[in-house]
Amino acid sequence: MTAAAPFSADRGDGTYRNPVLAADWSDPDLVRVGDDYYLTASSFGRVPGLPLLHSRDLVNWTLIGHALDRLEPAAAYAVPRHDCGVWAPSIRHHDGRFWIFWGDPDHGIFQVNAADPRGPWTRPHLLKAGQGLIDPCPLWDAETGDAYLVHAWARSRSGIKNRLTGHRMRTDATGLLDEGSTLIDGDRIPGWFTLEGPKLYRHNGWFWIFAPAGGVTTGWQGAFRSRGFFGPYEERVVLAQGDTDINGPHQGGWVRTPAGEDWFVHFQEQGAYGRLVHLQPMRWDEEGWPVMGADGAPVRVHRKPALPPQPPTAPATDDDFPGGRFGPQWQWTANPATGWAPAHSGDGLRLTCVRTPDAHDLRLLPNILTQRLPARPATAEVELRLESTEPGAKAGLAVLGDAFGWIGLERAADGTVRLVHRFAEAVAEAERDAAHSQLAPDGRARLRITVGAGARCRFTADTGAGWTPYGQVFAATPWRWVGALLGLFATAPAEAGSPGAALFTHFRIAPASAD
C-alpha cells in the first residue's frame, strides 16, 4: 500500500506542476492545523466516503483514511447511486476538533467531527433536512463567538439555483437558529449563473464567501465580501481561465501557511478523468481583494510553498492486499454487505462471487471495489485466479463509467475457465463481447488496462503464453458528475448455491507512454 511517487506533482527543483492531485478528487476543501494540511473531497455514492488527505507542503499528498464509514440513510445507498451522496464537503478545525459538513442533494446537510482526522469520527448528524441543499460551509467567528452556515442549492431537487443561503448556527453544530436568508442571489448579478460551492471565511474585518459560478467545465472563481454576515455583499471574479489551457479553474478552498503565504486549491474538470486538483498562489491587492494564480489566471508550473521540503509522494494506488485487507484507496460502489471481501491468513483480495441478477451490467452492482482513474498515462495490472466452480461465475478488472469495459475470467458450463473481454456503451442495457473468449488453462490470468491520452483504454491479458491484446480501444466515460473508475469485481448467477470466490493479487498502477 505504498504511495506512487512517479505520479507526484513535485518536480524536484523547488517547483511543482499542476494538477497536484491528478485524479478525481472532486470539489476539494482544506484546512491547516499547526504544520499539517488536511484535504477532503466529494465522494458521491462510494463507500467509505469523505476521503482525508494529508500534506506538509501542499504539493505532496497521502491518503490517510475516510470520515464516513457508510452512507446514510443506509437503505437508500444499498444500491449504486453514482451521482448522489456526498457533494462538495467543507473541512474546518474548531474547539480542538475537525469538522466536515456536506450536502446530500436528496436528504439534506450533514456533519461529522473527530478529535483526530484519522478517526474515530462521529456518526453523521443531519443538521438541515430537505432536498436540493448542497455545498454547506460553516464558520465559527472568533471575533464574536457566533457560528454561521452558508449553502447552495441544486435545482434538480429544489427548483432553486444560483443562490446562496445563510443561517445562524448553534456553536456545537447540532442545529440552526433561524429559517435562513438569501445572502447572494446570482440572478441579480449580470452575467453570473450556477453560483454554488461557497466557502466562508472571516478576514481583515470582512465576511468572505469564495464561490464558483459559470458551470463545472467553463466557470470562474468569485469572491464576495461584506461587513456583516447577512450582507450586502460585493463581488469580484478572482480566477478565470484567461489564455491558459486550464478550463473552469474554480471551487475550492483557501489556506494560509505559518509564514503568512496564501494558497488556493481548486478543481479542473477533465471529462473521464473527473475533477483534478490544482494549487494556486494567492495574494491580496491594495483594495483588499484576493488575487489568485498569475494576476487572476491559473498557473501550470510554480514555485512550491515556502514550507519544509517533503519527499515526493502521491495518494497510494498499489496494493498487495495483506491478510485480504484492501487499502484506503479503494471504495465500494454502495454500502457494502458483510462477507464481500473476507479476511484470510494469506495475501491477496478474496472477493466473494456475489449472487446477482444484474451481472450483465456492472453499473448496477454495489459490490465493485473501485479506485480513481489516473489522469496521466498509466497501466493498471492485477493477477486473478477464479476459484469459484459455479458455471457463470466471473471476475475481472474494469473501467467503469456511463459506459464500461472489463477483462477477466468466467467459469463455462463445461467447467473450464475462459478469458473474456466485454463492454457496454452508455445507452446499452447489457454488456456484450468485445473479443472472442480464450481458454485460461489454469484458471488464472494477469490482466492489464493501459490508459492513454484522452482516457483511451487498451485491454491485454496473459494466461501463460505472454501478453496478448484483446478487443478495440475503449474510450472511458464519466458519469454526470463523477470521473471514470478502475474496479475489481466478482459475481455469480442469482440461482447459484455456493458461489465461491475470486482471488486478486499484486495490484499495480505504473506510468505509461502517452500514445
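Trainee: Are F207 and F229 buried or exposed?

Mentor: Both F207 and F229 are buried, a word that stands for under 20% relative accessible area, with exposed meaning over 50% and partly exposed in between, for a 1.4 Å probe and protein chains only. The model is predicted, so that local features need pLDDT of at least 70 and side-chain atom pairs count only at pLDDT 80 or more, while totals for chains, interfaces and linings use all residues. Residues are numbered from 1 along each chain as its sequence is written, and side-chain values use heavy atoms, with hydrogens and water left out.

Trainee: What makes the pair of W99 and W140 tilted?

Mentor: Rings of Phe, Tyr and Trp (its six-membered ring) pair if their centres lie within 6.5 Å, and planes under 30 degrees apart count as stacked, over 60 as edge-to-face and the rest as tilted. The ring centres of W99 and W140 are 5.3 Å apart and the planes stand at 45°, so the pair is tilted. W99 belongs to strand β7 (residues 97-104) and W140 to strand β10 (residues 133-140), so the pair ties together parts that are 41 residues apart in sequence.

Trainee: Why is the pair of F207 and F229 called edge-to-face?

Mentor: The planes of F207 and F229 make an angle of 65°, with 5.9 Å from centre to centre, and because edge-to-face begins over 60 degrees, this aromatic pair is edge-to-face.

Trainee: How do you know that the charged end of R275 sits over the ring of F267?

Mentor: A charge sits over a ring if NZ of Lys or CZ of Arg is within 6 Å of the ring centre and within 35 degrees of the ring normal. The charged end of R275 is 4.8 Å from the centre of the F267 ring, and R372 lies over the face of W25 at 3.6 Å from the ring centre.

Trainee: How do you know that strands β27 and β33 pair?

Mentor: Two strands pair if DSSP finds at least two bridges between them, and eight bridges join β27 (residues 378-386) to β33 (residues 444-451), which run antiparallel. T379 stands opposite T450 in β33.

Notes: Helices (H or I, at least four residues) and strands (E, at least two) are DSSP runs, numbered from the N terminus.
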